[in-house]
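Hello,

Here is the structure you asked for. Have a look at it, then read my notes below.

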Amino acid sequence: MMKKKSIYASRASLVLILCQVISALDVPLDSKLLEELLQPPTITQQSPKDYIVDPRENIVIQCEAKGKPPPSFSWTRNGTHFDIDKDAQVTMKPNSGTLVVNIMNGGKAEAYEGVYQCTARNERGAAISNNIVIRPSRSPLWTKEKLEPNQVREGDSLVLHCRPPVGLPPPIIFWMDNAFQRLPQSERVSQGLNGDLYFSNVQPEDTREDYICYARFNHTQTIQQKQPISVKVFSMDSLNDTIAANLSDTDIYGAKPVTERPPVLLTPTGSTSTKVELRGNVLLLECIAAGLPTPVIRWIKEGGELPANRTFFENFKKTLKIIDVSEADSGNYKCIARNTLGSAHHVISVTVKAAPYWITAPRNLVLSPGEHGTLICRANGNPKPNISWLANGVPIAIAPEDPSRKVDGDTIIFSHVQERSSAVYQCNASNEYGYLLANAFVNVLAEPPRILTPVNKLYQVIADSPALLDCAYFGSPKPEIEWFKGVKGSILRGNEYVFHDNGTLEIPVAQKDSAGTYTCVARNELGKTQNEVQLEVKDPTMIIKQPEYQVIQRYGQVSFECIIKHDSTLLPTIIWLKDNDELPDDERFLVGKDNLTIMNVTDKDDGTYTCIVNTTLDSVSASAVLTVVARPNPPFDLELTGQLERSIELSWIPGDENNSPIISFVIEYEDGLHEPGVWHYQTEVPGSQTTVQLKLSPYVNYSFRVIAVNEIGRSQPSEPSEQYLTKSANPDENPSNVQGIGSEPDNLVITWESLKGFQSNGPGLQYKVSWRQKDVDDEWTSVIVANVSKYIVSGTPTFVPYEIKVQALNDLGYAPEPSEVIGHSGEDLPMVAPGNVQVYVINSTLAKVHWDPVPLKTVRGHLQGYKVYYWKVQSLSRRSRRHVEKKILTFRGNKTFGMLPGLEPYSSYKLNVRVVNGKGEGPASPDKVFKTPEGVPSSPSFLKITNPTLDSLTLEWGSPTHPNGVLTSYVLKFQPINNTHELGPLVEIRIPANESSLILKNLNYSTRYKFYINAQTSVGSGSQITEEAVTIMDEAMASRQVDIATQGWFIGLMCAVALLILILLIVCFIRRNKGGKYPVKEKEDAHADPEIQPMKEDDGTFGEYRLFSFVSSAPF
């Protein structure tokens, strides 16, 4: 016996159905295959078992079936054959078993009531439909009845009966008035399941004459109306008036007032009742009670709980509804009606029965000749259903014998079947509540293998993902499947492949080398066939730069990148989502090739943005969160509590922090009494704090506001708090920064910083200004001023100390005693000059000056220091006068000496010293003359080289701009420079100071020389100046060189020399790169000072140096 199979989900384009039977073939739903295979009939569509039809329309009884060959149809009616050919009103649709009864042309629906059953038959068997009961819909009229008006006493209960006519199906009941408005319902007034209208207690407003019950019959789309019912409610007051009018004074009369009553159940009656419901239906239990006050209904299940998720309460909890009931819902359900006077209850015993339902319905069985199989039919119900079998619509007990078939209760066992064993079997499961009928065929087929997958079908997968190659097949007996790779490949085996029972080849992890042609071979004892499919393996799609988390301020611009890499043969599409939904339809969102840009970001743009890349084979995605931050929203609901004279508590509710935590709250105040509209800083508290205790000043009309601060910035201020005016008090403090400074020699100017408005502590702010001369036994002189911050005391001695104090006061009194400060009356210019001025020359550019301090009494003010005025009178070397430029050095404090830097050497200077106070400078000391010694001169002003000849050059130079003394001589140095810029021996000549030119003779022709010259004083040599010049070439030698240059041997020699030089240059270049000689420029820099250059040994480069003579412009 073959093993039971199962089908894996795959990308196969052909869906295979697995019959859930033992030893059965799977028949694919391939249209071409199904057209070719013989198949017993199968009912595909039929009318419902209980079929209520509209008597005004044609009756259509459906019966559709399929099979190969196409089945023929026949009908029975009430158990006997229904010959439709004999009834002109009945036709059967072409290629169908559906009956159409023509009611529209004179037929009557009542004539066709009955039980109908359809049979579909072909050479392989017969299938039958359910028993279809045809009944026409009915909507009868209400029977006429005389309705008496209902007269009810206020507070009594009332039931208005509907009693609708019996229809098919039952009508839907509702109550309305003459204006077709639904009557309002409540806990007191409601409609029962039977359609009656229940009043737990009537009220005067219930009086009306148009209580109308309506019945709606949906099948015929008609509404029937009962005659209106009149209700009149008598109140106790009106009832007493009526009784009083009809009784004598001696009669005892008067209706009892409305009395409250405990609950009494109107429906159901009695204390218990029973209810039977079928499994799967909706269970409806109802309890409606009378009573005053109106009772409230509660439901419980005795010995258990009401089922969760399936229990509902309707009609103001008067109806308990349990959906999809099962046998477990059987039991006793109690309703309890309760008001303030008591309770009433009713127990409903519920029994859940069950019409038959399937446990295992028989399934179609396809077998090969000689195979085995079973049909199983298992059903359950309450009571347990009876199972019976039919073969081709005939009870199996009287059906033709089949030796391959054996019935065993709910199972039919088939063994060694043959093609003649094909048939349709029916299983009937029935009990007193209904029945189930199922058709299942046994189809015995002998078919060679067929492969249903298209030839050369192309499969494309992503590398490292599974590849599923289909080989949908059919054959009877079931074929064996083998797979090969390539045209001459061997059979595929091993753990790297998975072979599914439906023929599919799975490559769990496809690689690039998995691509190629695969061949599927199907064979059974009746034949063999094969098919090729193609597999392509593509590179996976990747997001190489994913969108990143972004924090952006409101109204800013943000971009998310999504750069991808994909297989060149696949066309990707990029989709952007926001919070897993489409992007808003907003022009601010700009989708580029590989990015998403959001302009002018707002708070609603906050969220998760996802980039999804799709190809035909794969999909990848990446997400990033956008957090929109902004300054916080302003706090609100400011509240002042705990008001005291000098403190108050302020609380507030923070506004939205806009994704950036609040760091702190700034509290500001406004003084509406002194500075309305001006807000001042009060304090700052951490962002976690929403209350603060504030210190207050007297006589201030406070308003407060709060500003929230986060990393983005400050919020707008909150709305101001309510105002709070503090009581007046004496000033707590006195003016600050009190000073006494005279502006003239005979006055004292007293200044202070006035108190702020809130510092006044009360009305009438003034200042008491007091002063007296220090160290003199004088009384305090005082004056009271207002609205000023300075007071001038006149007629004071020059620059004497004063004790000063300024005290604040208002209408309630004085501030605490102020502290005293020391001030001085006005200064005057110093009276005397410093004496004993001495100058000590340190060197040619620096001197030191000393003086004696002046007596402090003569300063007549604050001693600020001394000023030294000095200037150059003349240069001792030139004896020429020039414009006198005085220089000033200030020495702070009581210093008695100072240094004079930056003097010129060999010059004559004068200086004087003056004392300085706050008023100005005192008289100057007598001028003091001093001289600076000689220094080294500056470089000569220029050096020119002219008149070059073969062996001589003429040098001219200018005297130093700053000789800084008496010039003693000039020093000239020179040395030759060869073609490699190397310097030759250095020659030095000393020249008298009065010379300004020199002719150098006996020089080498066509040679470059470098010259250095500097001036000297008795102190030393000054800086030098350099210049270079070249002697000219000899003409005879030049002509000989020209003649030689025309000779061939000379040209060859020069070429050889050039080659050698090139080789030498290459060698030198390599040596330099390895740390050899310095570059030329570095050599020239190194030769700038010939005195520090070592003399090179005479290597013959410059030839022999000869004695030279010079001609000067003046004798030595």
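Is L1062 buried, exposed or partly exposed? L1062 counts as partly exposed, at 46% relative accessibility. (Buried means under 20% relative accessible area and exposed over 50%, with partly exposed in between, using a 1.4 Å probe and protein chains only.)

Two notes on the source. This is a predicted model, where local features need pLDDT of at least 70, side-chain atom pairs count only at pLDDT 80 or more, and totals for chains, interfaces and linings use all residues. Residues are numbered from 1 along each chain as its sequence is written, and side-chain values use heavy atoms, without hydrogens and water.

L1062 lies in helix α5, residues 1048–1073. (Helices are DSSP runs of H or I with at least four residues; strands are runs of E with at least two; both are numbered from the N terminus.)

Now the aromatic rings. Rings of Phe, Tyr and Trp (its six-membered ring) pair if their centres lie within 6.5 Å; planes under 30 degrees apart are stacked, over 60 edge-to-face, and the rest tilted. That rule gives 19 aromatic pairs. In one of them, F974 and Y1009 have ring centres 6.2 Å apart and planes at 65°, so the pair is edge-to-face. F974 sits in strand β81 (residues 967–977) and Y1009 in strand β84 (residues 1008–1017), so this pair links distant parts of the chain, 35 residues apart. F974 is buried at 3% relative accessibility. Y1009 is buried too, with a relative accessible area of 1%. Elsewhere, ring pairs join F174, F180 and Y214 into a cluster.

Best wishes
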